[in-house]
Structures are given as C-alpha cells and as structure tokens.
Amino acid sequence: MKKSLVLCVVAVLALFSSSASFGAVNAKKHIGIATYSVKGLESNIEGAFKALADDGYVVMEISNYDANTGLVAGYKPTEYAALAKKYGMEIISSHARGKFDVKDVEGTLAAWGKVFDDHKIMGCKYVVFPMNIWSGTVEGLKAECDLMNKIGEEANKRGIKFGYHNHHIEFVNIPNTNQLYEDFLIANTDPDKVFFQMDVYWITVGGQDPVAYLKKYPTRFKLLHIKDEYVVGETGKINYEAIFNQFYKNGNTDWFVEMEAKMTKEQREQSMAMMNQMKNIQAQGGNMADFMANMMKNRPKDGQAPPPGFGPQDPKVQAEMLKTSLEGIKLSADFLLKSDFVK
Amino acid sequence: MAGSIAPVIASAKTTPMGAGKKAIGLQIYSLMKELTENVPAGMKKIKEIGYSTIELAGYNNRKMGDYDVSEYRKIVEDAGLKITSAHVNPPERTYTKENTTKISDWWKQTVEDHVKLGVGRLIQPGMPTIETQDDVKLVGEVFNNAGEIAKAAGIKWGYHNHNMEFKRIAKPGETLPTGPGAILRPVGDIVYDLMMEATDPSLVFFEMDVYWTVMGQMDPLDYFEKYPTRIQVLHIKDRSVLGQSGMMNFENIFKKAYSIGINEFYVEIEKIKANMTQFEGVKGCFDYLNNASFVK
C-alpha cells in the first residue's frame with residue numbers, strides 16, 4: 001500500500017516535471033557516456049571532454065582509474081573530476097576493479113576500500129565491477145556473492161553504491177543447474193549492498209530480453225549501458241524505447257552510452273569469437289587463468305594487426321582513433337537526443 | 001502477397017473487413033492448438049483480426065491435419081484469406097548420397113499437394129545436419145533439386161532459419177581452434193552464408209526469421225545488405241508479442257527491408273505469455289504492425 005502510494009507520488013511528480021520542461025529549448029536531457037568508448041582518450045583529454053559536452057553528454061562513467069597508483073589517466077582523482085567539470089560534465093560512475101579473492105577477504109576489502117576512497121573524492125555515486133569469470137560451482141558462487149556483499153558494505157560506508165556489469169557470459173546456466181549466473185548473482189547478493197548495471201546489448205547477445213529482466217528485478221538494475229554493435233540505434237537489434245520506458249518506470253535515471261572501437265568485419269568476428277570463448281568457459285565452469293594463458297599463446301602473430309584499441313600507442317594512431325571514436329559517439333548522442341522516449 | 005504494399009484502398013471500399021488495415025500475413029504455427037480445434041472458425045478469426053494471407057504449417061502425410069489439401073484450401077478461402085506460403089520439412093534430417101532420391105521423390109509429391117493448396121512459396125524451416133563443408137555441398141544440391149521441382153510447378157522454394165545456422169564451421173583446409181583461449185584465428189565460416197553460396201539464386205530464396213537471427217548474435221540488417229536479392233521474405237517475430245521485448249528494432253528492420261525490395265513477411269509468435277490465448281497473442285502482433293508508422 002505504502003509502496004504504491006509512493007510510486008503514485010513519483011509518477012505525478014514525473015508528469016509534472018516533464019510537462020514543466022516541455023518546450024524549454026535549453027532543457028538538457030540526462031545523457032551519459034562511458035568514456036571506455038573514447039578510444040585514444042588520453043592523447044587529448046580536454047579536447048575529448050569538450051567534444052563530449054558539445055555532443056550533449058552531461059554525465060560520465062570513467063574506466064581509467066588505476067587501482068595501483070590511485071590515479072586517473074595520471075591525474076589525481078580531484079583534478080580529473082575538475083577537468084570534467086570545466087566542460088560542464090559530472091563523473092558519477094566508474095568501472096574499476098580491485099583484488100577479488102574469496103581466499104583473501106581482508107586483502108580484497110582493503111583494495112576496494114582504497115578504490116572507494118578515491119572515488120568518493122571524485123564525487124562518484126557508483127562504482128561498478130566491470131567483468132568477472134565466476135566460479136562454476138554453487139558453493140564457489142555463494143562465496144563470491146558473500147564477498148560482493150562485503151565489498152558493497154565498504155562502498156556504503158563511503159556513501160557509494162557498488163554494482164556489477166554483465167556481458168553475455170552471465171546468461172548461461174551454472175554447470176549442473178538450470179539457473180543462469182545472472183539470476184544466481186541477483187538472488188544471492190543483498191539489494192542494499194550490490195546493484196546491477198544492465199548492458200542492454202550483451203544481455204541480448206546472451207539471448208535474454210532486457211525488458212523482461214527490468215520487469216523481473218525492478219529494484220536491482222540501477223544503471224544501464226546503452227550499447228549496440230557500434231553506433232546506438234543502427235542495427236536491427238535492441239528496442240531502446242521499450243527499455244527506456246521500463247527503466248524510467250522502475251524509478252531510475254542514470255545510464256551511459258558505451259561503444260567499442262570501430263572495427264572491420266574481420267575484427268568484429270574475432271572480438272565476438274573471443275567473447276563467445278569466454279562464455280563457453282563460464283558455461284563449463286572453467287577458469288580465467290587457462291583462458292589468459294591460451295590467449296597469449298594465440299595472440300596475433302607478426303604481420304597481423306592487433307584489435308583496435310590495443311597495440312602500439314603511436315601518438316598519430318591515438319589521435320586518429322580519438323577522432324574516429326568521437327564521430328561515432330556523436331552519432332549515438334544524436335540518436336538519443338532526437339528520441340522522444342529519452343528524458 | 002503477404003505484407004505486400006499492394007494497394008488496400010480499392011478493397012477498403014468494397015470489403016469493410018479490410019478497411020484501414022494493412023496487408024499482413026500470419027504463419028499459422030503461431031496458433032496451432034487453438035486453430036486445429038476448429039479450423040473453419042479459427043480461419044474466420046484470423047481474418048477478423050485483420051490478417052489477409054497465411055503461411056501454412058502442419059502439412060503431414062499429404063494432408064493438412066485432418067483435412068484433404070483441397071478441402072483445407074476451400075476453408076481458408078471461404079474465410080476470406082489466401083494461402084500464399086507453406087512450411088514443410090522433408091522426412092530426413094541428415095542428407096546422404098543414398099537418401100537424396102527419397103527426399104527428391106518426397107518433394108515431388110509435396111509440390112503437387114501445394115499446387116492444390118495454391119501457394120506461391122514452399123519453405124523448409126528445419127535445418128539439415130551441417131557439420132562440414134562437404135555437408136554444405138550436399139545440402140546445396142538437395143535444396144537446388146527441391147527448388148527445381150517447385151519451379152517446374154510455378155512455386156518458389158525457400159529456406160527459413162533459426163539460430164543454429166549462425167554457428168561456424170571450419171573453412172576448407174582449416175581446423176577450428178578449441179580449448180580455452182584458442183580464439184583469435186581462424187574463426188571459420190558461418191553456415192548460413194555457406195548455404196547462400198551453395199544454392200542457386202534462381203532456384204532457392206531465403207525467408208529470414210529476424211528474431212532467430214538476433215538470437216544467433218547477428219544483425220538482420222547486415223544480412224539484408226549482404227544478400228539483398230536472396231532474402232525475399234521475412235518472419236517478423238519477437239520474444240512474445242511483437243514490440244514488447246527489448247531485443248528487436250523493428251523500425252530499422254522494416255526500413256532496411258523495404259529499401260532493398262523485401263515487401264513480403266509473416267508474423268510468427270511462439271512463446272505465449274501466461275494468461276494469454278494464442279489468438280490474443282496473434283492479435284497483439286497484428287495491432288502492433290498495423291499501428292506502426294514504419295510498416296506500409
């Protein structure tokens with residue numbers, strides 16, 4: 001009863017605020033960018049920030065915090081946040097990782113404690129664990145979920161929300177069960193300590209429906225990654241309208257465009273083959289160490305180009321990558337700004 | 001033609017049933033159980049919902065369910081619908097040099113029956129066993145043969161995909177890497193692409209199921225671009241009722257399809273939600289497309 005009353009009030013307020021801003025030409029939509037999308041970012045950070053602000057992005061999710069040094073692209077967290085602010089943007093979220101080892105809870109919590117301290121300085125509301133290869137057993141997973149809860153407690157102490165971001169690997173069954181990893185993770189983490197960031201592209205690649213998940217767990221998905229194969233809204237996949245409608249209906253506001261580097265068909269095939277291999281590892285309950293060892297063994301040989309975004313850091317190459325990715329990022333912003341379902 | 005842009009204005013004046021409704025086709029697999037309970041009443045319901053053409057499913061032992069094919073056609077036409085296409089699967093899933101004659105004979109009688117049903121298209125929806133490049137070659141031959149038989153009777157022969165067609169097999173002379181991390185090269189060939197290349201464009205077309213293509217991790221738009229003349233018909237399908245999931249971008253699909261000349265499509269709905277009849281699901285799909293500005 002009480003809950004539905006609150007929902008009603010929220011709905012009325014939402015109606016009021018949207019009608020109040022109707023027609024206001026300068027009213028900015030709340031659109032976010034995951035700066036993972038900005039390839040070659042560090043070759044010209046201020047230029048990139050200016051371009052993002054010009055595109056209409058107002059909030060950012062960074063992914064270049066270095067847990068070893070406590071720096072972001074070589075800047076102190078406060079300086080980096082100030083840089084974003086200079087261009088009218090706010091860093092509200094970060095993809096970051098600390099140690100994650102169920103056999104060393106103390107060390108894990110200390111590592112994440114430092115991560116959260118630095119993000120508190122930056123003014124981040126959210127810190128998101130971007131990817132993990134999970135244990136392939138129910139007992140192992142329970143221990144990992146417990147550790148997630150503890151990390152979330154550390155975040156809460158500093159006023160930060162801790163979340164997990166999916167790829168498609170979470171949408172396979174845990175070996176010898178009929179349960180998807182994603183469902184297990186949601187069921188076995190504490191809603192007050194761990195939230196989920198839905199990557200709408202990867203969940204679809206995983207064969208599951210973003211809208212069905214937003215309906216099934218209306219309080220657990222607090223953030224979205226709005227993503228497509230490249231520029232948002234250009235393929236025959238993803239019903240963004242249905243996704244945004246349900247996400248807003250659930251009471252959320254924060255989401256970020258995320259894009260991979262612009263790839264050739266061959267690069268895209270290889271990238272997907274690699275991700276599918278990870279999915280297979282997860283489905284078989286395998287481990288990341290084997291994967292990494294074999295990947296090194298199978299890495300591109302001389303004369304084969306590395307995947308875009310990796311390889312030589314030639315300043316000219318960096319500048320070219322930056323230009324290309326900013327063009328794509330602008331097209332994604334244009335699509336979302338002109339979509340009337342985006343607030 | 002299902003979902004064709006054939007003008008509805010003239011018929012709108014003469015048949016009130018079709019007034020203001022777009023030409024949309026239905027794959028009747030969408031309501032098999034509820035339809036077979038009472039075929040004549042069911043066909044009338046399909047017409048009332050607004051569909052104008054149907055694509056059959058359920059042909060078996062030279063009959064459509066309990067009905068002789070000519071009887072079935074009459075029931076459909078009495079309801080004001082037209083049979084434009086049909087899904088049928090040959091009796092063998094794994095093709096061998098030994099069973100191709102049996103399959104060919106089966107197609108001959110099946111084509112005969114479908115001439116009586118009045119279809120323009122005959123479509124195989126089940127994927128034959130394909131593990132190797134040699135399998136693809138044989139499948140191509142069997143498909144071309146079926147296409148020839150159909151063509152001689154004035155019917156177009158096609159193939160309908162699910163998601164398994166988007167798996168990869170090794171290229172000739174290569175071995176696909178296995179094991180964790182054995183990932184970067186080579187990635188192999190996509191079976192669907194190989195099927196395109198192994199079949200004769202004058203004998204075999206493709207009906208792309210856009211939902212199963214997305215489930216196969218692929219973008220239907222890429223395929224429209226790559227095979228603009230081979231993909232001639234679409235299955236418009238979603239997780240359940242069209243447009244309600246977050247998985248499909250039908251606006252982009254229709255716009256691109258029209259731009260390369262695809263004007264024929266059939267609605268299919270498989271997973272009916274709890275508390276919904278199959279007919280309600282089928283109606284929900286029609287209403288979605290009929291109201292969508294991007295559907296002609």
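Biologist: How are residues and chains labelled here, and which pLDDT do local features need?
Modeller: Residues are numbered from 1 along each chain as its sequence is written, while chains are lettered from A and ligands numbered from 1 in the order in which they are written. The model is predicted, with totals for chains, interfaces and linings using all residues and side-chain atom pairs counting only at pLDDT 80 or more, whereas local features need a pLDDT of at least 70.

Biologist: What percentage of the residues of chain A count as buried?
Modeller: Chain A holds 12 helices and 10 strands, where helices (H or I, at least four residues) and strands (E, at least two) are DSSP runs numbered from the N terminus. A residue is buried if 20 or more other C-beta atoms lie within 10 Å of its own, exposed if 12 or fewer, and partly exposed in between, with C-beta atoms placed from the backbone. Of the 343 residues of chain A, the buried share is 39%.

Biologist: Which helix lies between β7(A) and β8(A) in a right-handed β-α-β unit?
Modeller: A crossover is right-handed if, with the strands pointing away from the viewer, the path from the first strand over the helix to the second runs clockwise. One such unit is made by β6(A), helix α5(A) at residues 138-157, and β7(A). The right-handed unit made with β7(A) and β8(A) has the helix at residues 181-187, α6(A).

Biologist: Why do the buried residues of helix α4(B) lie on the same side, and what arc do they cover?
Modeller: In α4(B), residues 69-78, the buried residues include Val69(B), Tyr72(B) and Val76(B). They lie on the same side of α4(B) because the arc they cover around the axis, taken from the directions from the helix axis to the C-beta atoms, is only 60°.

Biologist: Which exposed residues are on the face of α4(B) turned away from its buried side?
Modeller: The buried residues of α4(B) are covered by elements including α3 (39-49), β2 (53-56) and α5 (100-117) of chain B. The face turned away from that buried side carries Ser70(B) and Asp78(B).

Biologist: How far apart in space are Val267(B) and Ile54(B)?
Modeller: Val267(B) is in strand β13(B), residues 264-268, and it counts as buried because it has 26 C-beta neighbours inside 10 Å. Val267(B) and Ile54(B) are among the residues with the most contacts inside the largest nonpolar core, which has 159 residues, such a core being a set of buried Ala, Val, Leu, Ile, Met, Phe, Trp, Tyr and Cys residues joined through C-beta atoms within 7 Å. Although 213 residues separate the two in sequence, their C-alpha to C-alpha distance is 9.2 Å.

Biologist: Which residues of chain B is Lys237(A) in contact with?
Modeller: Two residues are in contact if their C-beta atoms, placed from the backbone, lie within 7 Å, and the contact between the chains takes 34 residues from chain A and 25 residues from chain B. Lys237(A) is found in the loop between β9(A) and α9(A), and it counts as buried because it has 26 C-beta neighbours inside 10 Å. Leaving aside neighbours within four places in sequence, Lys237(A) is in contact with Thr204(A) and Asp228(A), and in chain B with Val214(B), Asp219(B), Met247(B), Met248(B) and Asn249(B).
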